[in-house]
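Visitor: I am new to this structure and would like to learn how to read it feature by feature. Could we go through it together, with the general idea before each case?

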Amino acid sequence: MASLALTSSLNLRCRPLSTPNFRPLTAPKSLRLTPRFKSPIKSSVTNSNDPLGEDQFQFTEPKPAIFLPAPKRAATTVASASSSPAVSPPPPQPWQGAAIKPLIASIAVGVILWFIPAPNGVSRIAWQLLSIFLATIVGIITQPLPLGAVALMGLGACVLTKTLTFAAAFSAFGDPIPWLIALAFFFARGFIKTGLGNRIAYQFVSLFGSSSLGLGYSLVFSEALLAPAIPSVSARAGGIFLPLVKSLCVACGSNVGDGTEEKLGSWLMLTCFQTSVISSSMFLTAMAANPLAANLTASTINMTIGWMDWAKAAIVPGLVSLIVVPLLLYIIYPPTVKSSPDAPKLAKEKLAKMGPMSKNEIIMAGTLLLTVGLWIFGSALSVDAVTAAILGLSVLLITGVVTWKECLAESVAWDTLTWFAALIAMAGYLNKYGLITWFSQSVVKFVGGLGLSWQLSFGILVLLYFYSHYFFASGAAHIGAMFTAFLSVASALGTPPYLGAVVLAFLSNLMGGITHYGIGSAPVFYGAGYVPLAKWWGYGFLISIVNLVIWLGVGGAWWKFLGLW
């Protein structure tokens with residue numbers, strides 16, 4: 001052994017020096033870091049037909065590699081087993097369960113309300129369901145676990161305490177709206193995977209991308225133009241604008257999970273959501289529940305709200321809101337990149353590199369046109385929005401543009417489906433158990449006994465009607481439960497009946513902006529992951545005040561001009 005070591009040593013000393021080899025400085029595979037969790041929005045798919053691959057989303061050029069000389073080899077020696085260091089114990093694994101403090105807070109809310117005696121006129125089972133519902137809402141806000149897990153635990157508590165049967169607790173999984181929202185995420189996957197989303201996004205950037213504000217307004221008014229033709233805000237948001245907005249964000253370097261959310265995505269997602277509730281309030285056919293409000297108006301005060309009547313009353317306050325809300329959010333929640341004069345030029349270069357549309361892009365575009373056409377003319381063909389979306393997804397699956405494995409990998413879609421369906425079920429049974437009726441009657445007695453002028457009385461009714469939407473996961477459910485009672489009381493207190501009807505109808509859309517579950521477009525845009533829940537609720541409350549001021553102030557003057565009061 002000694003002679004072998006001596007020979008190796010002599011060989012090393014006598015070896016001539018060679019020219020250092022230069023090689024790129026790259027990290028060994030064992031040291032390459034990958035994120036633990038994938039972003040729910042940043043697409044992990046690559047376009048096999050697109051020569052740009054993943055680089056198509058970036059406007060920046062790749063940096064050149066750094067070259068350094070290869071290190072010299074050192075002589076190796078064999079150490080004895082006795083001198084090897086002791087193996088250190090592995091570090092303790094971090095806690096993978098629920099966040100304890102938020103979990104205790106949500107449970108405490110439910111337990112405290114559970115043991116408070118129910119008010120007169122409220123059944124015990126309705127009060128128990130309210131305590132579980134509010135505990136679930138607190139859990140969704142504080143997020144001790146992902147939203148779907150919190151909602152599933154809420155349904156489990158309902159079944160465990162015999163407050164709801166299993167069939168009742170999971171009844172909303174047969175509701176079309178949660179499924180329409182989930183299908184929207186599958187469409188978004190195909191939109192991005194094929195590269196069609198990037199192509200359209202670059203077209204928008206080339207036309208309006210010199211400023212973030214201009215880009216936002218182009219999307220806002222595009223959605224408003226489509227609103228009267230597509231009577232589902234969920235379909236408009238999820239099937240058309242969510243994929244487009246996601247592609248725009250990625251194309252401009254704003255992604256979820258890498259700290260660039262506020263570069264553009266946070267402001268753009270929140271702006272598109274808040275303006276979607278405004279456009280829904282501007283036309284009778286812009287939201288599925290609007291005809292219900294018109295029908296209840298006819299049955300309650302024997303007056304008809306036609307399509308043109310609705311649009312004429314809503315057009316002025318609606319346009320003012322569409323202009324003011326994006327600008328206000330731009331000031332209080334601004335994107336970090338406000339102007340990019342080179343963006344249109346770079347977008348045109350990217351479009352040139354993409355070349356002509358691929359086969360999958362053409363299939364995706366044709367499927368989208370088919371689906372949108374069915375959303376527009378579906379009522380004449382007896383095809384509802386979710387059926388049209390399923391038909392469109394079927395085309396994508398058959399042609400291989402989107403695979404079922406990719407649909408299963410869309411965790412955000414399944415998570416959103418779970419928590420939204422759970423809230424719809426609990427909110428629906430709060431109404432069936434009589435809690436909403438009791439609340440409406442209590443409000444009526446309280447406001448009627450104040451002896452105020454009809455203007456002040458109607459103002460109080462409006463605020464109570466508007467902000468009680470925190471307890472609803474559907475505009476249709478809210479209208480069905482409270483519209484008739486509040487309109488009847490407002491008319492009895494001296495409010496001009498037709499004025500009261502149109503105001504409550506408009507607010508039935510605007511109130512959807514206060515939460516991430518109050519209207520069909522809310523879980524779509526919130527599920528993108530760009531805006532934290534606390535900011536979503538906070539800015540939602542602020543924008544609700546702005547909308548009330550615009551619609552009751554500017555709108556009130558406009559309605560006076562129209563002779564509604």
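Visitor: In which kind of crossing, left-handed or right-handed, does α12 pass α23?

Guide: Please keep in mind that this is a predicted model. Two packed helices are described by the angle between their axes and the distance between the axes. Here helix α12, residues 307–332, packs with helix α23, residues 533–562, at an angle of about 150° and with the axes 9 Å apart, and α12 passes α23 in a right-handed crossing. Because angles over 145 degrees count as roughly antiparallel, α12 and α23 are roughly antiparallel to each other.

Visitor: How many helices and strands does the protein have?

Guide: There are 23 helices and two strands in the protein. Of its 565 residues, 48% are buried, and among the contacts with a separation of 6 or more, 79% are between residues 24 or more positions apart.

Visitor: How many residues does the largest nonpolar core have?

Guide: In soluble globular proteins, nonpolar side chains tend to be buried together. In this model the largest nonpolar core has 165 residues, and those with the most contacts inside it include Leu-219, Trp-375, Phe-483 and Phe-525. Helix α17, residues 411–432, supplies the largest share of this core, 14 residues. As for Phe-525, if residues up to four places away in sequence are not counted, Phe-525 touches several residues, among them Phe-241, Met-269, Phe-273 and Trp-536.

Visitor: Is α17 mostly covered or mostly uncovered, and how many of its residues are buried?

Guide: Helix α17 is mostly covered, with 16 of its 22 residues buried. Its length can be checked too: at 1.5 Å a residue, the 22 residues of α17 should span 32 Å, and because its end C-alpha atoms are 32 Å apart, the two values agree. Just after α17, Gly-434 takes a positive phi of about 90°.

Visitor: Turning to a loop, where does Gln-143 lie, between which helices?

Guide: Gln-143 lies in the loop that runs between α3, residues 124–142, and α4, residues 147–160.

Visitor: Which residues is Gln-143 in contact with, leaving aside its neighbours within four places in sequence?

Guide: Gln-143 is in contact with Tyr-526 and Leu-533. Although Gln-143 and Leu-533 are 390 residues apart along the chain, their C-alpha atoms are separated by 9.1 Å.

Technical notes. Residues are numbered from 1 along each chain as its sequence is written. This is a predicted model: local features need pLDDT of at least 70, side-chain atom pairs count only at pLDDT 80 or more; totals for chains, interfaces and linings use all residues. Side-chain values use heavy atoms; hydrogens and water are left out. A nonpolar core is a set of buried Ala, Val, Leu, Ile, Met, Phe, Trp, Tyr and Cys residues joined through side-chain atoms within 4.5 Å. Buried means under 20% relative accessible area, exposed over 50%, partly exposed in between (1.4 Å probe, protein chains only). Helices (H or I, at least four residues) and strands (E, at least two) are DSSP runs, numbered from the N terminus. Contact means heavy atoms within 4.5 Å. The expected span of a helix is 1.5 Å times one less than its number of residues. Axes are lines fitted to C-alpha atoms, for helices over the stretch in contact, and angles run from 0 to 180 degrees between N-to-C directions. Angles under 35 degrees count as roughly parallel, over 145 as roughly antiparallel, 65 to 115 as roughly perpendicular and the rest as oblique. A crossing is left-handed if the near helix is turned anticlockwise from the far one by less than a right angle, and right-handed if clockwise.
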